[in-house]
Amino acid sequence: MIQAIIVDDERYAREELEALLAQDGDIRVTACCANAIEALKEINSRHPDVVFLDIQMPQISGMELIGMLDPDAMPRIVFVTAYDEYAVKAFEDNAFDYLLKPIERPRLNKTLERLKRDCAPQPVARLAAPQLTQIPCYRHNRIRLVRAEEIEYAYSELSGVHVATADETAHTHLPLKVLEQKAGLLRCHRQYLIRPEVIHEIQLLEQGLAEIHTRSGQVVPVSRRYLKALKDRFGFR
Amino acid sequence: MELILALLQQMSVYLVIAYLFSKTPLFKPLVGVSVRFPHKLVIYLVFSGFCIMGTYFGLQLQDAIANTRAIGAVLGGLLGGPVVGFLVGLTGGLHRYSLGGFTDLACAISTTAEGLLAGLVHFHMVRKGQVERLLSPGVAFVTAFVAELMQMAIILLVAKPVGQAWALVQVIAPPMLLANAGGAALFMNMVRDQKAMYEKYSSAFSTKALQIAERITSILAQGFNERTTARIARIVYEATEVGAVAITDREKLLAFIGIGEDHHLPGTRIASAQTLRAIDSNEVIFLDGIEEPYQCSLSQDCKLGSTLVIPLQGDNEVIGTIKLYEPKKKLFRNINRTLGNGIASLLSSQILSSRYEQQKNLLVQAELKLVQAQINPHFLFNALNTISAIIRRRPEQARDLLLHLSHFFRKNLKRTGDVSTLAEELDHVRSYLKIEMARFEDRLAVDVDIDENLYNLRLPTFTLQPIIENAIKHGISTLFENGRVCVSARTTDAGVELCVEDNAGNYRPDANGDGLGMGIVDKRIKNLYGERFGVSMECQPEAWTRVKVSLPKQGMTP
């Protein structure tokens with residue numbers, strides 16, 4: 001059984017695709033999401049085999065969503081669009097799956113057959129922008145889009161990944177790995193990332209450890225393993 | 001008495017020479033009272049010549065010369081000022097001195113003094129701002145009369161022996177006073193007449209040129225073709241009174257009016273070698289009919305004998321020619337040559353600007369078509385997808401939406417006119433909104449608050465729809481929930497203001513793609529109603545975007 005998630009901001013579009021997929025006994029739709037933030041959460045928790053992804057969505061587009069997914073746990077993506085010449089050209093150039101709305105039954109069947117043969121993800125990440133500009137976060141049960149350059153540091157703990165700006169912290173579904181690669185943050189600890197621009201001072205401690213003091217007065221730990229890389233970065237030997 | 005007549009006779013010959021001279025181009029600088037150096041030099045040379053001539057035209061008597069030398073000195077002074085007057089007098093005086101006689105020194109001094117006196121009159125008049133009076137024959141008469149009295153006095157004072165001088169003065173005073181004063185007045189009259197003639201000539205020329213320009217401009221606005229060029233050729237033909245006028249493009253004759261109409265037929269290919277040469281080399285070709293005769297290449301019997309061919313300039317190339325002809329029995333007038341050149345450059349610039357206008361309009365039309373074509377795919381496929389989903393559950397609603405969709409597209413295709421009413425615009429928008437509201441469901445609400453009195457307001461077709469589409473595409477679709485678009489209208493001092501507001505606040509002036517539709521709406525309004533009207537935008541990020549369309553009140557007449 002192939003597990004699928006549908007991501008589209010229009011209810012009728014989700015319903016239509018769900019109805020079409022329901023006719024195939026080998027596919028099970030486990031979630032329908034109305035935006036990229038819901039989708040990020042569902043994809044991270046349900047680990048679907050395939051995601052049917054609309055490109056044009058509010059705040060965070062389908063392409064941006066791809067950039068936020070953990071590259072090591074990437075599901076197979078089937079893009080869905082009504083009309084987007086440039087995107088369609090990119091899909092064709094890269095031989096990626098895509099469907100055009102309104103979705104035609106025979107075309108969908110072809111896609112599903114291919115999925116049943118091979119569910120391995122395609123390298124769709126190359127379509128996504130190399131840098132993220134906004135990071136979807138939760139704070140007090142509300143969705144917030146935090147601008148990437150406002151993040152001072154990020155850390156992971158048992159409850160998940162958190163990002164901290166100068167005056168607040170929020171929970172996010174993005175893995176540290178993605179933030180490190182795409183949000184301009186630097187690894188300083190197995191569980192911590194720091195934005196180099198906000199470092200005020202690095203206080204060296206015993207046993208090769210250190211602490212970073214940010215300009216806004218926050219303290220971030222530095223582990224032995226990453227201290228050297230950090231020193232190299234600022235030209236200390 | 002005999003002497004008076006004799007001297008007047010001499011003066012007449014002198015004036016005939018002056019008259020003939022006044023008809024030459026050399027005379028032209030003299031008619032203006034000028035302060036510039038080259039003019040003054042000409043005045044000095046000319047009147048020194050007349051001054052010396054006056055001595056030669058004099059009558060020998062009693063070892064002296066009764067003469068009209070003073071005319072040159074006085075006119076030189078009056079027209080040229082104190083310095084020129086002095087120099088003219090000095091030149092004439094030195095020449096007289098070289099001829100000898102017992103009054104040689106007295107005459108040299110007095111002639112110089114006469115020139116200076118007239119120059120002082122000039123200086124005085126200019127200071128008083130009465131430049132025009134310098135050309136008055138009366139002033140010349142009085143100046144010359146006084147100058148001659150002064151000369152007589154100087155002869156009495158300087159010439160020796162005094163007895164002989166007194167006897168001389170008694171004889172020559174009356175004829176010289178009369179001849180010089182009268183001659184100066186007549187000479188000045190000639191100068192004035194000549195000046196009046198030049199002025200009349202140039203004002204007639206300017207009037208003619210302006211009239212042609214005005215009439216041609218309005219015709220050329222309708223394009224450069226056989227019909228318009230025929231009318232232009234007619235105007236040029238009537239204004240210049242040449243034998244014939246022709247206008248060609250690069251290949252063929254467009255219009256021909258005048259002598260030879262029977263065989264110079266519009267629409268035929270250019271046959272004349274001169275015309276082809278003018279087009280190829282982009283230069284004016286003139287065959288005056290005397291040194292270089294013109295022979296019509298179409299007919300041996302053609303009466304035309306001289307021609308002026310002037311190329312018409314387009315963007316980077318010659319786009320045609322205008323040709324003026326005169327028949328063999330008539331000379332090609334210089335004024336027509338000048339006028340022809342002027343008309344050609346006027347035509348060239350007119351053709352350029354009307355072409356530019358045309359291209360500008362085409363561009364706006366093309367851009368509009370592009371926008372119409374552009375809005376459709378996104379909207380169409382999303383609409384079809386929505387409808388195909390709804391069909392499963394509520395076939396009736398789906399049918400309804402299909403009808404709205406077909407209504408919207410039919411209107412899109414039908415609306416070819418430039419201007420429509422606000423009611424028509426709202427009708428068009430309503431179908432569009434019905435579909436978008438079905439697609440976005442509760443994420444989109446629309447308020448239309450427009451007074452029925454404004455339904456007859458006239459505005460360019462496709463003004464409202466692109467703006468509302470932008471509000472949805474770039475505004476509402478970026479919101480997770482509770483999108484709202486308000487369409488309203490109000491009358492202002494300047495006219496009527498339409499306002500489309502969304503609550504997304506997502507407008508970015510540099511966002512690529514969305515500027516095009518708005519830009520065209522703005523351009524069309526400005527084209528139709530002027531720069532004061534058009535589209536403006538305000539945006540409060542993450543709160544609202546407001547697009548305002550200002551239109552004139554007079555657009556409301558049904």
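I began with a network: salt bridges link R11(A), E15(A), R393(B) and E441(B). A salt bridge here is a side-chain nitrogen of Lys or Arg within 4 Å of a carboxyl oxygen of Asp or Glu. Side chains of opposite charge can pair when their charged atoms come close.

**Ground rules.** I noted that this is a predicted model, where local features need pLDDT of at least 70, side-chain atom pairs count only at pLDDT 80 or more, and totals for chains, interfaces and linings use all residues. Residues are numbered from 1 along each chain as its sequence is written, chains are lettered from A and ligands numbered from 1 in the order in which they are written, and side-chain values use heavy atoms, with hydrogens and water left out.

**Confidence.** I looked up pLDDT, the predictor's confidence in each residue, from 0 to 100. Chain B averages 84, and 93% of its residues score at least 70. For the complex, the predictor gives an ipTM of 0.81 and a pTM of 0.57.

**The two chains.** I listed helices (DSSP runs of H or I, at least four residues) and strands (runs of E, at least two), numbered from the N terminus. Chain A has seven helices and 15 strands. Chain B has 14 helices and 14 strands. Next I checked burial: buried means under 20% relative accessible area, exposed over 50%, and partly exposed in between, with a 1.4 Å probe and protein chains only. Of the 237 residues in chain A, 52% are buried. In chain B, 49% of 558 residues are buried.

**The interface.** I counted contacts, meaning heavy atoms within 4.5 Å. On chain A, 21 residues touch 22 residues of chain B. The two chains bury about 2000 Å² between them, 51% of it on carbon and sulfur atoms. That area is the accessible area (1.4 Å probe) that two parts lose on being put together, summed over both. E10(A), Y12(A) and Y83(A) supply 33% of what chain A buries against chain B, more than any other three residues.

**Bridges across the interface.** I found five salt bridges between chain A and chain B. One bridge pairs R392(B) with E16(A), at 2.9 Å from N to O. Another pairs R443(B) with D9(A), at 3.2 Å between the closest N and O atoms. R443(B) sits in the loop between α12 (422-440) and β9 (444-449) of chain B, and D9(A) in the loop between β1 (2-7) and α1 of chain A, so this pair joins two chains. Are R443(B) and D9(A) buried or exposed? Both are buried.

**Bridges within a chain.** I counted 34 salt bridges over all chains. D232(A) and K228(A) form one, at 3.2 Å from N to O. They are four residues apart in helix α7 (residues 224-233) of chain A, so about one helical turn separates them. D232(A) is partly exposed at 32%, while K228(A) is exposed at 56%. In chain B, R490(B) meets E497(B) at 3.1 Å, N to O. R490(B) is partly exposed at 47%, but E497(B) is buried at 15%.

**Two single residues.** I looked up A34(A), which lies in the loop between β2 (27-33) and α2 (36-46) of chain A. A34(A) is partly exposed because its relative accessibility is 24%. Beyond four places in sequence, A34(A) contacts D8(A), D9(A) and R14(A). Then I turned to T229(B), in helix α8 (residues 226-240) of chain B. T229(B) is buried, at 0%.
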